[in-house]
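This briefing concerns the fold and surface of the protein model shown below. Please consult the sequence and coordinates alongside the text.

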Amino acid sequence: MSAKTRIVVLHMREVIYTAIFAALALLLILLLVFMFRGKKGSDAQETMKYVSGVYTSSILLNNQTMDLKVVVDDNRINAISLDNLDETAATMYPLMQPALDNISQQIYEKQSTEHITYDEANQYTSVVLLNAINDALSRAEAKEEDK
């Protein structure tokens, strides 16, 4: 047997500091990897959802025509409003503007016409408005050759 035994003295404080620094270094490396990794396909799909412009859809109610105007840019719905809504139409259809305000607020938040909720009292008015908005947005959608 050899008498060359070595004794290593470790202070507990040094072991704890080393473990903490190793954990922080690992956390920093993981953070950098997640921040700078490329997103697969999501950028290509989100580049251009709509063709920028103003799109209208007509609503015919009892021989009165109202135009619903939708303003979009490349990937956002910016504004929805009713045009040609005269006093007679506003008086005959008093739920039209409040229903549009409710629907348009939800569309601005979701940027989609899916899963829109509306009151039962405004059900038919809301369905007519949603159909007109969907019609205008279908004309605004970017074609594959435009992307």
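The model is predicted: local features need pLDDT of at least 70, side-chain atom pairs count only at pLDDT 80 or more, and totals for chains, interfaces and linings use all residues. Residues are numbered from 1 along each chain as its sequence is written, and side-chain values use heavy atoms, without hydrogens and water.

- Three strands form an open sheet in the order 1-2-3 with antiparallel pairing; strands are DSSP runs of E with at least two residues, helices runs of H or I with at least four, numbered from the N terminus.
- Strand 1 (53-61) and strand 3 (77-83) are the edge strands, each pairing on one side only; pairing requires at least two DSSP bridges between two strands.
- On average, neighbouring strands of this sheet are turned by 20 degrees against each other, direction ignored.
- Strand 1 and strand 2 (residues 64-72) run antiparallel and are joined by nine bridges.
- Leucine 60 is opposite threonine 65 in strand 2.

**Helices on the sheet**
- Helix 4 (residues 96-110) lies across strand 1, strand 2 and strand 3 and runs at about 170 degrees to strand 3; axes are lines fitted to C-alpha atoms, for helices over the stretch in contact, and angles run from 0 to 180 degrees between N-to-C directions.
- Helix 5 (residues 123-140) also packs on the sheet, touching strand 1, strand 2 and strand 3, where contact means heavy atoms within 4.5 Å.
- The direction of helix 5 makes about 145 degrees with that of strand 1.

**Helix 1**
- Valine 15 belongs to helix 1 (residues 12-36).
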